[in-house]
Amino acid sequence: MQKQAIFQSKLLPYALVAPQLAIVLIFFYWPALQAVIQSFLLQDAFGLSTTFVWFDNYVELFRDPAYFESILRTFFFSFAIAVSSLSFALLLAVMADKPLRGSTLYRTLLIWPYAVAPPVVGVLWIFMLHPSLGVISRYLRAAGIDWNPLLDGDQAAALIILAAAWKQISYNFLFFLAGLQAIPKSVLEAAAIDGARPMRRFWTVTFPLLSPTIFFLLVVNIVYAFFDTFGIIDTMTRGGPGKSTETLVYKVYSDGLLGGNLGSSAAQSVILMIMVIVLTGIQFRFVERKVTY
Amino acid sequence: MVEEEGFRRYVAHIILWIGIAIVAFPVYIAIIASTQDNALIANGQMSLLPGGHFFETYYQTIFVGTSGSTREPVGNMMLNSLVMALLIAVGKIAISIISAYAIVYFRFPLRMPIFWIIFITLMLPVEVRIYPTYKIVADLHMLDSYAGLALPLIASATATLLFRQFFMTVPDELLEASRIDGAGPLRFFWDTLLPLSRTNMAALFVILFILGWNQYLWPLLITTRDDMQTIQVGIRKMITTTDALTEWPIVMATAVLAMLPPVFVVVVMQKLFVRGLVETEK
């Protein structure tokens with residue numbers, strides 16, 4: 001697709017793209033290239049000499065059970081966050097899609113958590129579920145649960161998933177609502193005339209028609225769980241206790257922070273890059289389909 | 001119209017209110033905690049009703065900070081966050097709109113390669129290039145500066161794509177007309193294209209402002225001086241000290257203050273927000 005009416009100028013277009021191009025090359029491509037180069041190098045303990053080691057850093061990484069566990073954990077978190085947040089948001093969106101009085105008010109009251117920053121989400125949830133002073137922990141303990149996410153890895157993981165899913169409800173709700181409103185009412189009426197009860201109408205008509213939205217949101221939620229949970233994890237558990245809440249992004253951060261293995265940290269970055277490329281690729285394929293849909 | 005019986009409607013209202021309660025509960029607790037006495041909270045005796053320390057806590061939070069040795073007024077953190085958010089939002093829009101203009105309205109060698117170079121940055125979020133980017137910013141002596149906080153985040157493939165799409169829909173006749181009037185490329189951009197893009201810019205601004213205000217990982221890395229801290233980083237540092245010493249009312253007041261600007265933007269500019277969100281995801 002190209003415009004027919006254009007301007008003629010030799011230098012102006014370059015001047016116009018120059019600022020963006022400069023930032024992109026200096027702060028995006030150069031560091032990414034550095035990460036790729038670094039991932040093939042091994043630095044000695046004093047950082048005085050480096051040797052080219054081919055894929056040694058990668059091999060070592062995949063031999064490390066901790067890294068493997070971190071991959072599994074990240075996928076598990078993504079799955080749990082996406083499923084819990086999507087199903088709750090879908091329920092709310094289906095309800096809000098009905099012709100109810102005050103539906104705009106409902107929408108407003110449900111979308112604002114989108115604006116809450118991940119580290120703040122972490123602070124809010126750790127406060128409510130803090131082992132010694134949390135307002136909810138009291139009831140958990142009264143119910144006989146030995147609640148201490150600061151010591152128990154599984155509880156810490158549950159807490160991260162809960163907080164991360166909470167933040168994502170508003171985003172999912174908004175897109176589900178838009179998706180539901182785009183479904184032609186005549187289709188649902190036809191199903192109703194055929195005698196389909198509301199529940200059946202939902203599963204046989206609404207749900208399939210909503211599948212492009214569900215798929216799109218699934219990808220967005222996975223990307224979110226990969227990257228944006230960093231702030232939540234950092235304020236709530238810092239990857240602990242042990243390594244029970246250390247996701248891939250958190251691992252890159254904490255491994256590099258300890259100033260340890262630069263080559264390994266770079267190799268981890270490169271693997272993450274590949275994952276983002278795959279996820280973005282899936283997302284774009286889908287967008288094409290949505291256009292033709 | 002599909003019949004919606006009274007009973008089902010009733011259920012829908014109830015489910016929505018339960019949803020709203022779940023969504024609002026953590027924030028309610030934060031607001032309540034920020035008005036109560038620290039000793040009471042630390043003992044796990046927090047009440048679920050507002051306490052009497054509202055003014056005291058917020059005054060101390062905004063103007064003084066925590067009682068620790070590295071105290072920093074949260075007011076100052078908010079200022080840093082505001083400057084960073086505005087620089088990011090305005091910067092992204094500015095550099096994206098001019099590059100989209102060049103790509104759509106000019107033919108020049110390397111036009112498509114440049115477009116792809118910008119486009120591919122979608123796949124390079126800051127999380128995958130943390131330390132190399134940090135090193136470059138350090139080498140450029142931009143640690144602890146607004147430039148360091150904002151510049152590396154200012155490129156935007158999404159915004160560039162959005163403006164490119166919008167410019168493609170602008171009728172060619174407008175350009176012909178302004179050319180007859182003797183306008184050059186800059187005049188056309190300034191007098192015709194920019195006013196037409198106003199709604200798009202506003203919608204984008206709302207989203208980018210929230211995005212900028214909520215930045216966390218990047219400011220965490222490149223700010224070492226307390227007076228350059230953003231509020232998101234500051235709040236994390238408040239709960240690093242041993243639990244017993246954490247001043248929860250101040251932490252919660254800071255959380256409330258950190259939420260206030262972006263939530264305000266979402267609620268007040270809801271139409272633009274929704275539009276921006278949907279547009280940037282396309």
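This is a predicted model: local features need pLDDT of at least 70, side-chain atom pairs count only at pLDDT 80 or more; totals for chains, interfaces and linings use all residues.
Let me start with chain B, where buried residues make up 46% of the 282 residues, and where a residue counts as buried if 20 or more other C-beta atoms lie within 10 Å of its own, as exposed if 12 or fewer do, and as partly exposed in between, with C-beta atoms placed from the backbone. Residues are numbered from 1 along each chain as its sequence is written, and chains are lettered from A and ligands numbered from 1 in the order in which they are written.

Chain B has 15 helices and zero strands, where helices are DSSP runs of H or I with at least four residues, strands are runs of E with at least two, and the numbering goes from the N terminus. Its radius of gyration is 24 Å, whereas a compact globule of 282 residues would have a value near 19 Å; the radius is taken over C-alpha atoms, and the globule rule is 2.2 Å times the number of residues to the power 0.38. The C-alpha trace of chain B spans about 75 × 65 × 35 Å along its principal axes. Of the contacts in chain B with a separation of 6 or more, 71% are between residues 24 or more positions apart, a contact being two residues whose C-beta atoms, placed from the backbone, lie within 7 Å.

Turning to chain A, we find 12 helices and two strands, and from the N terminus on the elements run α-β-β-α-α-α-α-α-α-α-α-α-α-α. The radius of gyration of chain A is 24 Å, well over the 19 Å that the globule rule gives for 293 residues, so chain A is more spread out than a compact globule. Its C-alpha atoms fill a box of roughly 75 × 75 × 30 Å, taken along the principal axes. In chain A, 40% of the 293 residues count as buried, and residues 24 or more positions apart account for 69% of the contacts with a separation of 6 or more.

Leaving aside residues up to four places away in sequence, A:Phe173 touches A:Ala89, A:Leu92, A:Ala93, A:Leu110 and A:Ile111.

How do helix α5 of chain A and helix α14 of chain B pack, and at what angle? Helix α5(A), residues 118-128, and helix α14(B), residues 248-268, pack at about 140 degrees with their axes 10 Å apart, the axes being lines fitted to C-alpha atoms, for helices over the stretch in contact, and the angles running from 0 to 180 degrees between N-to-C directions. That makes α5(A) oblique to α14(B), given that angles under 35 degrees count as roughly parallel, over 145 as roughly antiparallel, 65 to 115 as roughly perpendicular and the rest as oblique. On the side of α5(A), A:Val120, A:Val123, A:Leu124 and A:Phe127 meet B:Trp248, B:Val251, B:Met252, B:Ala255, B:Ala258 and B:Met259 in α14(B).

Within chain A, helix α7, residues 153-181, and helix α9, residues 198-227, pack at about 155 degrees with their axes 10 Å apart, and are therefore roughly antiparallel to each other.

Helix α14 of chain B also holds B:Thr254, which is buried, with 30 other C-beta atoms within 10 Å. B:Thr254 and B:Gly75 are 179 residues apart in sequence and 9.5 Å apart in space, C-alpha to C-alpha.

I will close with two residues other than glycine in the loops of chain B. B:Leu110, in the loop between α4 and α5, has a positive phi of about 75 degrees and counts as exposed, with 12 C-beta neighbours inside 10 Å. B:Asp144, in the loop between α6 and α7, has a positive phi near 55 degrees and counts as partly exposed, with 14 C-beta neighbours inside 10 Å.
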